[in-house]
Amino acid sequence: MEISDESCLIGGIENWEIVIVDYDSAWPSMYERHAGIIVDALGATLLRIEHIGSTSVPGLAAKPIIDILAVVPDSANEPSYLPKLEAAGYFLRVREPDFFEHRMLRTVARDVHIHVYSPQTPEIPRYLKFRDRLRTDVENRLRYEAVKRRLAKRSWKDMNEYAQAKSEIIERILQAAMTDDLGTTGVT
């Protein structure tokens, strides 16, 4: 297995065409099927599992890739979970020791990404806050979808460049969600 210096990508940069498709009502059941496989594979090692990313938001167009958040006691301790996930058909694609020990595994078909983190990682509430905001706020969901569709028309070196290009709209939506939360809790 070759490890690239490029963002710790296993196998190096892959040139991908970004394709955004209309929401597919089969995505939740695809998540449930893979969540079952992951739960069975990891057992008590798995502390939390969530459907995240655009396919977790009803009505939102997305790349047809199911993103799954899997929380384990220590994501840096790969021997505690990686062999089990590999035996279940998921393969390590990203190792980011400098980004909260994030690991990303995927299927051979590249239609499922599992994002593995440790419990106190600040990215976990960000993923969930963003997902939940898009689920409940039609205006933000439509704005985010428009940006994704516009960006997908461009040519990208790899999927990470596309993801980085979305960061501004994601941060604006997250900031609005946090501001709204402060307003409803009375905290100033």
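Predicted model: local features only at pLDDT ≥ 70, side-chain atom pairs only at ≥ 80, totals over all residues.
Helix H1, residues 27–42, has 16 residues and reaches 22 Å from its first C-alpha to its last, close to the 22 Å expected at 1.5 Å a residue. Its buried residues are Trp27, Tyr31, His34, Ala35, Ile38 and Leu42. They cover an arc of only 110° around the axis, which puts them on the same side of H1. Just after H1, Gly43 takes a positive phi of about 55°.

| Helix | Number of residues | First to last C-alpha | Expected span |
|---|---|---|---|
| H1 | 16 residues | 22 Å | 22 Å |
| H3 | 14 residues | 20 Å | 20 Å |

In H3, the buried residues are Glu123, Ile124, Leu128, Phe130, Arg131, Arg133 and Leu134. Arg133, which lies in this helix of residues 123–136, counts as buried because its relative accessibility is 13%, and the cut-off for buried is under 20%. Leaving aside residues up to four places away in sequence, Arg133 touches Asn140, Ile173, Ala176, Ala177 and Asp180.

Strand E5 is mostly covered, with 6 of its 6 residues buried. Val112, Ile114 and Val116 point one way from the strand, while His113, His115 and Tyr117 point the other way, and all are buried. E5 runs parallel to E2, to which 6 bridges join it, and Ile66 stands opposite Val112 in E5. With strand E4, residues 102–106, E5 pairs in the antiparallel sense over 4 bridges, and here Leu105 has Ile114 as its bridge partner in E5. E4 and E5 form a hairpin with 5 residues between them, and Arg110 in the turn has a positive phi of about 65°.

Pro73 belongs to the loop between strand E2 (66–71) and helix H2 (82–87). Not counting residues up to four places away in sequence, Pro73 touches Thr45, Leu47, Ser118 and Pro119. Pro73 and Arg149, which are 76 residues apart in sequence, lie 36 Å apart in space, C-alpha to C-alpha.

Note on methods:
Residues numbered from 1 in each chain as written. Heavy atoms only, no water. Helix = DSSP H or I, 4+ residues; strand = E, 2+ residues; numbered from the N terminus. Buried < 20%, exposed > 50% of the residue type's maximum accessible area, 1.4 Å probe, protein only. Contact = heavy atoms within 4.5 Å. Expected span 1.5 Å × (residues − 1). Arc of directions from axis to C-beta. Pairing = 2+ DSSP bridges.
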